[in-house]
Every structure is written in C-alpha cells, then in structure tokens.
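This report describes a protein model part by part. Please look at the sequence and the structure first, then read on.

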Amino acid sequence: MNPKKQRRFAISRKFQRGALVGLAGFALALTSCAGGGSGATTSGGGGGSELVIAQSEDIQTFDPAMFRGRATQYVLRQIMTPLTEINNDMEVVPALGTEWEMIEDTVWQVKLREGVTFTNGEAFNADAVKYSFDRILDPANASPRRSLIVTLDSVEVVDEHTVNFHTTQRDGAFPLALAYIEIAAPEYMEEVGPEAFAEAPIGTGPFKLVSSNPGRGIIMERNDDYFGEAPSFEQLVIKIIPETASRIAALQSGEADIINAVPADLAGTITGSAEAVSASGTEVWHLAMQVNNGTFSDVEARQAMQSAINQQQIADTVFEGRAEALNQPAFENMNCYNPDFKGYEFDPEAAAEVLSDLPAVTLDTIESEKHVAEALAGQLRQAGLNVNVNSMEDGAYLARINAGESELYLASWGAGRGTCDEIWRQHFHSSTRESQVFTGYTSPEIDNLIDSAFAQVPDMDAANEYYVPLMNKLMEDSPWVPIVNPDQIYGVSTAVTGFEPSPIGQFNITTVEITE
C-alpha cells in the first residue's frame, strides 16, 4: 500500500459517555408477569375461509432446532410456540411462558402456562421445554439455533410448570432470546425421530400442518384447541413465490391475500384491490468483507470502502425513502445505537486513491436483493473499484458466506430483539467463528467488550461504558460497511382486515378476518 495513502479514512466521531439510545419499549426489568394464563381465551373461529400468504423464501425445515432465518421461523411459528414473544412495540410478552424472573445472576426462572396440550394430545410441561432446549444445546446436533441462546448452559426442571435456565454469565436480555426457540412435542419426536418430525411437525400453535408440496404450497388447518385467540379462518396456505413481480401479480389477481418482501420502489404499484403497508424494520443491511485473506485483508482497503458508499443516496433512491441510512452497524432503536457517532465521510475521490489499485472483486448477493447490490456496485465503480455482481440461489449463497468463501457480500441481518449482541456476537465474537466464518473477523478486544457490555444489559448506563469503545473499534477495523435499515413492507388485499405489519417480518394473522 502506498505510504502516502495511509490513514486517509479517519472516522468522524464525537463520543459522549452514556449517550447511546436504549431499546424503545424494552419492557424486561428483572421480573415480568402476565398473570397465570390471562388472555388465553379461545374464540373458536367460524366460516370455511382460507387465508393465502405468498412469501419470498422457502422454508429450510419444520424441525425447530435445525434452521436459521426469518422465512422459516415465521412459518414454524404458526405450528409451534415459544415461551415468550415480541410484539409490534418490541416488548417481550407471554406465550407458553407466563412469568419470568432473574432469581440469581445466572439463573432465570420461567413459569409455564397450564392446561396446554400439543395437537397430538401430549401435555405441554417443563419436560417438554427442557427437551426442546436440550436438543439445541447438544453439540452432536450442531443446531443453528445455538447462537441465539449463546449464554445458556443448562435447563433444570423445577416442577411440572416451572423451569430454571442456567446461564454462563449474567444475561439481562435472556427473556428476549426465549422468543426464538419453538417448543416441539417431545414424546412424538422421540417416537418418530427428527426426520419424520420434520415431515409432520406437532406443536401448540394456532395451526396444524396438513401438507407441504411445491405446487400447492404449505397447507395448515386451524387448531381449535389453541390456548390463545384462535384465527377466524379455517385454513392457512403459504405459497413460496421468490420472484417479486410474480408475488405482486398473485396479490393483485386475488391468488394471494398477503405478500411479504415488497421492494420500496414497487410499493406504489400495489393499488386497486390491494395496498402496501409497512412497519419500521429491524434489519442491518451491510457489505461484508473477508478480512483474513485476499483483497480486503488490508484495513485501509476496508476503510476506503466506507468512504465509497453513500448510504443516504441508497436509502433515498433504491429504497425510495423507506429506509434509515446507517453510519454504524446498528439502527436507531437498537440498544447500542450511538447518536453522536458521525461515521466515515462520503469521499469517493479519496476512496479511489486506494480502491483503484485493487484487483476486480465479486460482490455476492441473493436474487431478491440484486437490485441493491447493483446500486452499491455502481457507487464502488465510481470510486475506482472494478466490481462484478454475482446473484446466487439462497442456499448456495448462505453456504458460501457461512464458510467464509465470499470476499465481498451484501447481507441483511435481523435484530428482532433490538439488541446489538444478537448481531455482533454472531458476526464478530471469536466463539462463533468455527460454526459460521462470515468475514473471519475476530479481535480479543472485541470479545471482551461484547462480553462486558452484554453482562450489563438491561442497565444501559453500565452497558454503554463498553458499547462506546466497541462501536469505535468495529468501525475502525471495518469488517462491515453498514448500509440501511429498511422498512418491512407487505402487500395486503383490501378483503383482509386486522393485519398489522410487523417490524421483525413475522406474520401476525390470528386477528385477521377475511371479507367476501
């Protein structure tokens, strides 16, 4: 690297101790109660109606321990239920768990909902909870869900309706993590085995699986014994339509009632018998760079990438104003967001002094996000970097970035809990690099800061003592170029009422009604 080009990309920053914004609506405290089973009424729905959802990605499996990704989770969530849920205000609310309390620094006690049965008649109890979590904790299963409960060490059955979760360190946000682990019917899974369970799953959710095939889609029928508010319609069909234009056409023709993943630039085309609705999103879109070898092993090349990208232009043009431009790997409602962090200045001329000397690079992306990758590649080309966009099938793309084989890739990572740990630990902590390489970035200093901040949550004043230097170090080392936090945009038929768009991308449909 030319010595005259060193240190050209200094971060503009003004840190103030305690200035980070806390997670809006982070209603944890150390004890949360919902009253034993309040709200658990069944309003047996009527009619023979059917709700059809078209989503952009296929599911990976019906085994709740063996997947990673929102597309799978929010389909499984219709069949199986977690202990807690996160509502549209990003608050932790009861599901199969009704109360939770940190009874020791490393022990969370959860009281379970009584009188609940799985759809095969098995009783839901503490043994069922332990079984589902133990499958994820077992190293032999190599569960992709393990990183979501990274601090969990063991699960103890106290009595039929009480469970103690033992953690390796103080984890003030643990009830948030419980919202991401669905509970399966243990006796049934033991009887048929995990593979057969994945073909015919059994849970406690509002629906039961009827069939799943590529032509008709995933077909479910209402669970009339659901402990919560039963849907008003009898059948739920989820179709997988990856192509955006085809998904919108299905909505406007009446083939689908709700669609997800509507690009901002096409939201205005949904008119007539349907409309676009949105909620502020919870995803951090970013460019990620392989730091251990190849083109971006030099930190100055990565810092030059920071100055080559105009995030506001991407938010305004590609996302048509339906996105928050990011200058840090966090959005405004995340618990570690720093409003005083100024980030890198957009300076393509300075970036070109470094990037123009680099060899051509390949930017990996998935088909549904190719238009964003092309816009970013255009900005990088203007800064002197020769970029080829490689659009991949979802599975091949995930395998490539998980193995650390991509030199540059566009990704969007969800922070549905509103906490930075769920992103930063997964991508930057050395403990997770063996299972998912991603950029390959590790740092002992980052490990210590992540662990120290995490131990303080939800005391954000204490956590900020570590989050401030953590943000500084991450942006200085630059394994990521943060881009935007887009809105979650859905298309909804005007025949559908009661649908509320979710900031975390899930389908909230138990309150939906369909009019003729």
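This is a predicted model: local features need pLDDT of at least 70, side-chain atom pairs count only at pLDDT 80 or more; totals for chains, interfaces and linings use all residues.

A separate assignment divides the protein into domain 1 (58–200) and domain 2 (283–486). Taken over C-alpha atoms, the centres of domain 1 and domain 2 are separated by 30 Å. Domain 1 and domain 2 each bring 16 residues to the contact.

How much area is buried between domain 1 and domain 2? The value is about 1,400 Å², and carbon and sulfur atoms give 53% of this area. Five residue pairs, both members at pLDDT 80 or more, are in polar contact across the interface of domain 1 and domain 2. On the side of domain 1 that touches domain 2, there are 8 nonpolar, 4 polar and 4 charged residues.

## Salt bridges

The structure holds 14 salt bridges. Between domain 1 and domain 2 the count is 1 salt bridge. Two of the salt bridges in the model are given in the table.

| Pair | N to O distance |
|---|---|
| Arg70 and Glu283 | 3.7 Å |
| Arg77 and Glu182 | 2.7 Å |

Where in the chain do Arg77 and Glu182 lie? Arg77 is in the loop between helix 1 (70–76) and strand 4 (84–86). Glu182 is in the loop between helix 3 (174–177) and helix 4 (186–192). The pair links distant parts of the chain, as Arg77 and Glu182 are 105 residues apart.

## Local backbone features

Helix 11 covers residues 394–402, and at its start a side-chain oxygen of Glu393 comes to within 2.8 Å of the backbone nitrogen of Gly395. After helix 11 comes Gly404, which has a positive phi, near 75°.

Ala142 also has a positive phi, near 45°, in a residue other than glycine. Ala142 belongs to the loop between helix 2 (126–137) and strand 8 (152–159).

Which two residues are joined by a cis peptide bond? They are Val457 and Pro458, with omega about 10°. Pro458 sits in the loop between helix 13 (444–456) and helix 14 (460–477).

How values were computed: Residues are numbered from 1 along each chain as its sequence is written. Side-chain values use heavy atoms; hydrogens and water are left out. Domain bounds come from an automatic or database domain assignment. Contact means heavy atoms within 4.5 Å. Buried area is the accessible area (1.4 Å probe) that two parts lose on being put together, summed over both. A salt bridge is a side-chain nitrogen of Lys or Arg within 4 Å of a carboxyl oxygen of Asp or Glu. A polar contact is a pair of N or O atoms within 3.5 Å; within protein, one must be able to donate a hydrogen and the other to accept it, and residues adjacent in sequence count only if both atoms are side-chain atoms. Ala, Val, Leu, Ile, Met, Phe, Trp, Tyr, Cys and Pro count as nonpolar, Asp, Glu, Lys and Arg as charged, and the others, Gly among them, as polar. Helices (H or I, at least four residues) and strands (E, at least two) are DSSP runs, numbered from the N terminus.
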